[in-house]
Amino acid sequence: MERFLASGPSKNQGYNRFGHLTLPYLEKLAESWAQELDLFWIEAKKDVSQRSADQREIPDYLGIDAIYGFFEQQPSMTLSEVRTRMEELLDAAEQPSRSANKLVLDRIAVIFRSKRPY
């Protein structure tokens, strides 16, 4: 999502843009971004299946870059609409995140603790 909103590669993997947000807002952004890409996941999956069926290659997995590749081929008007939706959501997340406590433990949703078997 950082690459899309910044219109290019990210130097810090989105930390400057998203690092100050609380976990619930990060989750909301991630869910919304996944919904935007969902249709293109289907297209990328079809492409991988077709290449495999044609025996041109045997892909080991379907990565986000393949999905994003199909997404970024959309008309500029569509991409602009998606960018507007995501920026509005990010703007809505920033204000409440500014006043929230963002200590590491406040940002962790689940902690797994294991004990060695005796």
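Which helices do the buried residues of helix 5 pack against? They pack against helix 1 (2-6), helix 2 (15-18), helix 3 (23-53) and helix 4 (64-71). Before going on, some ground rules. This is a predicted model, where local features need pLDDT of at least 70 and side-chain atom pairs count only at pLDDT 80 or more, while totals for chains, interfaces and linings use all residues. Residues are numbered from 1 along each chain as its sequence is written, and side-chain values use heavy atoms, with hydrogens and water left out.

The overall picture first. The protein chain has 6 helices and 0 strands; helices (H or I, at least four residues) and strands (E, at least two) are DSSP runs, numbered from the N terminus. Of the 118 residues in the chain, 26% are buried. Buried means under 20% relative accessible area, exposed over 50%, and partly exposed in between, with a 1.4 Å probe and protein chains only. Contact means heavy atoms within 4.5 Å. Among the contacts with a separation of 6 or more, 71% are between residues 24 or more positions apart.

Back to helix 5, residues 76-98. Helix 5 has 23 residues and spans 32 Å from its first C-alpha to its last, close to the expected 33 Å; the expected span is 1.5 Å times one less than the number of residues. Its buried residues are Leu79, Val82, Met86, Leu90, Ala93, Glu94 and Ser97.

How do helix 3 and helix 5 cross? Their axes come within 10 Å and cross at roughly 170°. Axes are lines fitted to C-alpha atoms, for helices over the stretch in contact, and angles run from 0 to 180 degrees between N-to-C directions. The two helices are therefore roughly antiparallel to each other. The cut-offs are under 35 degrees for roughly parallel, over 145 for roughly antiparallel, 65 to 115 for roughly perpendicular, and oblique for the rest. On the helix 3 side, the residues in this contact include Tyr25, Trp33 and Glu36; on the helix 5 side they include Val82, Met86 and Ser97.

Trp33 lies in helix 3 and counts as buried at 10% relative accessibility. Leaving aside neighbours within four places in sequence, Trp33 is in contact with Met1, Phe4, Tyr68, Phe71, Val82 and Met86. Val82, in helix 5, is buried with a relative accessible area of 3%. Not counting residues up to four places away, Val82 touches Phe4, Trp33, Glu36 and Phe71.

That brings us to the rings. There are 6 aromatic pairs in the structure. Rings of Phe, Tyr and Trp (its six-membered ring) pair if their centres lie within 6.5 Å; planes under 30 degrees apart count as stacked, over 60 as edge-to-face and the rest as tilted. Phe40 and Phe71 are edge-to-face, at 5.4 Å centre to centre and 75° between the planes. This pair links helix 3 to helix 4, across 31 residues, and both Phe40 and Phe71 are buried. Tyr68 and Phe71 have ring centres 5.7 Å apart and planes at 40°, so that pair is tilted. Finally, Phe4, Trp33, Phe40, Tyr68 and Phe71 form one aromatic cluster.
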